[in-house]
There are 4 protein chains.
Amino acid sequence: MTHKIAILGASGYTGAELIRLIATHPSMQIAALGANAKAGQSMATVYPHLRHLDLPDLVTADEIDFAKIDLCFCALPHKTSQEVIRDLPKDLKIVDLSADFRLRDPAEYEKWYGNPHAAVEVQKEAVYGLTEFYRDEIREARLVAGTGCNAATGQFALRPLISAGVIGLDDIILDMKCAVSGAGRALKENLMHAELSEGYNAYAVGGTHRHLGEFDQEFSKLAGRPVEVQFTPHLMPANRGILATTYVSGDPQAVYAALRDAYADEPFLHVLPFGETPSTHHVRGSNFCHIGVTGDRKPGRAIVVAALDNLTKGSSGQALQNANLMLGEEEIAGLTLVPCFP
Amino acid sequence: MTHKIAILGASGYTGAELIRLIATHPSMQIAALGANAKAGQSMATVYPHLRHLDLPDLVTADEIDFAKIDLCFCALPHKTSQEVIRDLPKDLKIVDLSADFRLRDPAEYEKWYGNPHAAVEVQKEAVYGLTEFYRDEIREARLVAGTGCNAATGQFALRPLISAGVIGLDDIILDMKCAVSGAGRALKENLMHAELSEGYNAYAVGGTHRHLGEFDQEFSKLAGRPVEVQFTPHLMPANRGILATTYVSGDPQAVYAALRDAYADEPFLHVLPFGETPSTHHVRGSNFCHIGVTGDRKPGRAIVVAALDNLTKGSSGQALQNANLMLGEEEIAGLTLVPCFP
Amino acid sequence: MTHKIAILGASGYTGAELIRLIATHPSMQIAALGANAKAGQSMATVYPHLRHLDLPDLVTADEIDFAKIDLCFCALPHKTSQEVIRDLPKDLKIVDLSADFRLRDPAEYEKWYGNPHAAVEVQKEAVYGLTEFYRDEIREARLVAGTGCNAATGQFALRPLISAGVIGLDDIILDMKCAVSGAGRALKENLMHAELSEGYNAYAVGGTHRHLGEFDQEFSKLAGRPVEVQFTPHLMPANRGILATTYVSGDPQAVYAALRDAYADEPFLHVLPFGETPSTHHVRGSNFCHIGVTGDRKPGRAIVVAALDNLTKGSSGQALQNANLMLGEEEIAGLTLVPCFP
Amino acid sequence: MTHKIAILGASGYTGAELIRLIATHPSMQIAALGANAKAGQSMATVYPHLRHLDLPDLVTADEIDFAKIDLCFCALPHKTSQEVIRDLPKDLKIVDLSADFRLRDPAEYEKWYGNPHAAVEVQKEAVYGLTEFYRDEIREARLVAGTGCNAATGQFALRPLISAGVIGLDDIILDMKCAVSGAGRALKENLMHAELSEGYNAYAVGGTHRHLGEFDQEFSKLAGRPVEVQFTPHLMPANRGILATTYVSGDPQAVYAALRDAYADEPFLHVLPFGETPSTHHVRGSNFCHIGVTGDRKPGRAIVVAALDNLTKGSSGQALQNANLMLGEEEIAGLTLVPCFP
């Protein structure tokens, strides 16, 4: 059986990445592509790398007959997404890639995003979309909230450690290196090639990045007490990839065992042999996450490094993985692309 | 039915690219991976981006039982390849990715490569592997000689024009921009990141690049008279991609029509609407070739620009396409990966 | 004696490059920096790499007292520049970096730029700013029109050949590879890192690039008859550099001799030994232009490759070189920076 | 008075960078260039970006008459350097850029570098070359040991904090992002463009990087007790630049004040306004170091980010700064190059 799929926000990078993945999916068909500002254009115009695919032209969301859609991906900007989803049919399965339904507490949402939530009722339905940790809920969900790409990377490195109680909770540091596509296709000066290539810098230093809301929510829930990490993102001269270097206190072998055990059966999360470290090069364009653990020369200190592709495992790949669960398909369908190296 | 595949030279970039593609192939299984210098190592060590695949360890060519192999890809260096293939079983189907069997005339081979051919008898069997133009021969072939990546790009732009007689044959200029992976994984100073990134240069200027042997052979055969093009390659700060900017004399609309007609039914060769130009960005990681035609302000002059990925359509993708034909599989099997953008 | 310098359009890349160069000039002082849209800001805010310099804050052009200025660089956008310069004091020495005063014939200007010229009287005064070929006129000029960066590169490769009569005039082809900073700091989708890095494409194919107006004007004047070249620019994943690969008919040794003789005493134009080819890597950040000549295997065909930094020799370095002449300073003052490699 | 300068190891990146800087120095003349493996070659061959300079050809160290040399830079590989310097005249002023004379304790040297020191007597003479903190000793020194590039960056961020007693000493974390030229011009697979561009990874994780020897030595000396930091370097897809993200416990305003006060009069160390963060883009090709301080949302935690160019301030620029002091020249001579952006 072929599922009819709609994508809203198809003109952004996560929209294009969804199409790239779904094109290899055995039982999904793209039935509608929404992009209000570019409605009427073909995908070949907006993304020439998709020109060989037989895709519908872009339309406005209003033009889509959602009664004929089995599942809708919303790859819209934050804030727009909640307004659009609020008005979609209440029985439509939705995977949202924005930040709008990630935080359970509307007050937390308003704290991090600066505006009151416009669809609080819908928010209550949403399931947090970190597949490996919310599989059962996702299978039953109508609305799944895709995680932040940084939030996914940090959680893959840290959740099993918090659950297993093998690390201290008060001195966790996440130093994250993020490729530029995470910022989307919007025109900003610091994202220009001439401004970015051959250099790098920290940004949102000091605990101001919005993905901290997700870390706080999830880590505190796991630990059963408030957990606040330090998290500093850095903008890298690269298009795809997140590398999280995580500094924790705890026995390195216990840390390693916790991760290895937690992910032993996961198709996409690979824990490297102890002492090896991953690279974003080796997950590019794929749904894999590589994780490495090393002990520091300082006793009782461990470093966990996690690498994934922000557009795939950090966003559109995760979304497709969740959609597979919601539709009763094999979880890995359309997601077995080998990383593209070199 | 699943075909058992061996790859010799699996530790190079074209070997790794073959594995990336075959991993998605519905009816091929990698049974043996040869790499003499790295025999004994796992592919996960040599190429960590392949670590999730269940692959045999690297072995020497001697250790492979070719009686159990249905088809062997040889991704060995030039000159080594002919010596190895000479000694392989005479009924083994082989797709060679080196330069060793491309030229029909041993004298031409010696002129361009500087040494006498070591397997002239085998060379006589070889079929030139430019799939779209040698399909019938390839289907019947035991040994197919993969083309040079530059040679493929230039021929896609020019062959239909020579066949249709719509361009002059004495003033063809091919200005080619080549990504660095075309030079392979060998350690050379000019291929280092610090030497290459953020700059570019011409090389092999003046008609000395070995792929000219292929252009001469193929274009002269098509035209029924000697044809010598000018061809200048340039090294680009990028990992994948060839862009050929071709300057020809002829009516631009006739040039366009010849290309459009020749490739109307081709699954991988896409002629853009007249006046549009392709980009290597939009074919990266895929088996597609995009071709654009524009008329110059000077009457009777046309510019044909062709873009492909040197590792895929220019090498390993072409090799797999040929192997599909030789094994009676669907020609596009394992080759429908969407380009990876951004 | 220290000359007081103003720069209008100081917030663009060519403005910032002027400041970088003038900071090492022994007898120039930056007295005013104009940038209407960013007036009131400090240069440290707009360009943090200049933060250690003691520079005036940005102001509007109206706020500058030009009576106290010895020479004004105009690094404004095309069309804006002519309107601003029209209203500046008539005795103010000006080096304009825009396209507005390059073409002698207002009809040609309108043909290439699409609007009637707004300052035709001022245009009559302007001297074409290709220093090495207009030194005497520039020394006496009040207004010098900086050349296009592509136009400079192509002319360095070709002018001596046309003057010496050693090449055919009807089949000149300029295939040019241009770094992204040539497009300025304006926000455009194709200039984003995610869109540009790791790929390349031709643009303005077919004889539509505006710098052709300069080539036509200058080459025709030199030849004493109309000369129209073919010129195809390509956008490169790099921040600085232009590489012009020039295909001409003529005896390669005669071509080489013409260039070597013409530039024997030039401080910034270096002709490499016959058969060597330049690279943009080796002129980055400097005012040098490297030129190489090679003969093709086809008799009577030569390839001339020229490399320079579009922001320096192609724009701001040229402008400073001209200003030095206009102010009676040593021509190379402030321009002896060694290329920045790696 | 013009000082006659020799450079041993002139064919490496730090050698070439020294030449780039000295070319603008008012009172230094390069009298001899040593490079044993490339002796007999011209610098124009080895580094075409230096072709316009009037430089002596490369010779072996034996061929240099050191009696005519006022100061010698040794830019040789580790271990080779100590053997060469041991045999140089005992009254020759030397600035060494290798690791060989950085550590005061021969046992520490052997621990980090794996071999006994071959010139222990000479080592006793050496002064640690972190200019801003050892000025008086450097002025009187015969032999100055240039610091590691990572070691310099980390010390600029942390020394004033340790001296002022404003941070905890037991939980200092240095997450460092290092450009590829820091690894030199040697051919290594992971430094190839195809392996490095568009991705990044940690290396020497867990406290194994040799620059830790310098951190331990210097920080412990400052603190008057053993101090061991955690230090994780990362390899970046860029040619120049180090960014150190430093996590410390302490009052952010006190941290800021300590840095601002310590560097108030330093010509090359710039502390940004509180809350701003530096970028390697803005120091590229220059001798500047930009430092920013931010407080974390977690009380009592501060983040200090420092950016410099590893080849300039991290190595050759530092070396020239020290040579200026040793020769009685102005400390900033030859070092006022403005960063090259974009």
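Figure 1. C:Cys178 is buried, its relative accessible area being 5%; buried denotes under 20% relative accessible area, exposed over 50%, and partly exposed in between, with a 1.4 Å probe and protein chains only. This is a predicted model, in which local features need pLDDT of at least 70 and side-chain atom pairs count only at pLDDT 80 or more, while totals for chains, interfaces and linings use all residues; side-chain values use heavy atoms, with hydrogens and water left out, residues are numbered from 1 along each chain as its sequence is written, and chains are lettered from A and ligands numbered from 1 in the order in which they are written. D:Cys289 is buried, at a relative accessible area of 0%.

**Figure 2. The annotated site at A:Cys149.** An unreviewed UniProt entry places the feature "active site" at A:Cys149; UniProt positions follow the numbering used here, feature names are shortened, and annotations may be inferred rather than shown by experiment. A:Cys149 belongs to helix α7 of chain A, which covers residues 149–164. Helices (H or I, at least four residues) and strands (E, at least two) are DSSP runs, numbered from the N terminus. With 15% relative accessibility, A:Cys149 counts as buried. Residues up to four places away in sequence aside, A:Cys149 touches A:His211, A:Ile242, A:Asn310 and A:Gly314, where contact means heavy atoms within 4.5 Å.

Figure 3. C:Ile22 is located in helix α1 of chain C, residues 13–22. Is the residue C:Ile22 buried or exposed? C:Ile22 is buried, with a relative accessible area of 4%. Apart from neighbours within four places in sequence, C:Ile22 contacts C:Ile5, C:Ile7, C:Met28, C:Ile30, C:Phe73 and C:Leu320. C:Ser316 is 294 residues from C:Ile22 in sequence, but their C-alpha atoms are 9.9 Å apart in space.

**Figure 4. The annotated domain within chain A.** The annotation "domain: Semialdehyde dehydrogenase NAD-binding", from an unreviewed UniProt entry, covers residues 4–141 of chain A. Over residues 4–141, chain A is 30% helix and 17% strand, and the end C-alpha atoms lie 18 Å apart. Chain A contains eleven helices and 14 strands. Of its 342 residues, 67% count as buried. Among contacts in chain A between residues at least 6 apart in sequence, 69% join residues at least 24 apart. The C-alpha trace of chain A spans about 60 × 45 × 40 Å along its principal axes.

**Figure 5. Chains A and D and their relation.** Chain D can be superposed on chain A with an RMSD of 0.0 Å by a turn of 180° and a shift of 0.0 Å along the axis. The two copies are thus related as by a two-fold rotation axis; the superposition is by least squares on C-alpha atoms of residues with pLDDT of at least 70 in both. Of the interface residues of chain D, 100% are also interface residues in chain A, so the copies meet through the same surface.
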